[in-house]
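Dear colleague,

I am handing over the structure below, and I would be glad if you could look through it before reading on. My notes come after it.

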Amino acid sequence: MNFAGIILGASAFFLIGIFHVIVIKAEYHFGKRCWPVFALVGLAFCVAALFVKGIVLSSVLGVTGFSCFWSIHELFKQEARVKKGWFPANPKRVNRKNNVK
């Protein structure tokens, strides 16, 4: 039996759920200005995927890297969801545009 597809599918499912929570928390605490962190981490995972010999681990690293890249898009969407009132805004974070707490 070949479990590679099942492992990759389960990993992708798990990563999507984890990154959903990470994006919400990151936007709440740091706003969308933390997007370069997601870009650098995503790049690191993709580079690591190039050098890992195991196909399953390489695939999981690649999926993780591209999940980081997709999270950049979701950070900006999350900011819009917060503005609509769908998610709570962080009252302690200073709004840089209006200099308001």
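What follows is a short account of the helices and the cysteines.

Please bear in mind that this is a predicted model, in which local features need pLDDT of at least 70 and side-chain atom pairs count only at pLDDT 80 or more, while totals for chains, interfaces and linings use all residues. Residues are numbered from 1 along each chain as its sequence is written, and side-chain values use heavy atoms, with hydrogens and water left out.

I begin with the helices, which, like strands, are DSSP runs numbered from the N terminus (H or I, at least four residues, for helices; E, at least two, for strands). Helix α1 covers residues 4–30 and helix α3 residues 55–83, and the two pack at an angle of about 30° with their axes 8 Å apart; here axes are lines fitted to C-alpha atoms, for helices over the stretch in contact, and angles run from 0 to 180 degrees between N-to-C directions.

Within α2 lies Ala48, which at 29% relative accessibility counts as partly exposed (buried means under 20% relative accessible area, exposed over 50%, and partly exposed in between, with a 1.4 Å probe and protein chains only). Ala48 is 17 residues from Gly65 in sequence, and their C-alpha atoms are 9.2 Å apart in space.

As for the cysteines, a search of the whole structure finds zero disulfides, a disulfide being a pair of cysteine sulfur atoms within 2.5 Å. Cys34 is in none, and the nearest cysteine sulfur, that of Cys68, is 11 Å away. The sulfur of Cys68 has its closest cysteine sulfur in Cys46, at 8.1 Å, which is too far for a bond. Both Cys34, at 11% relative accessibility, and Cys68, with a relative accessible area of 2%, are buried.
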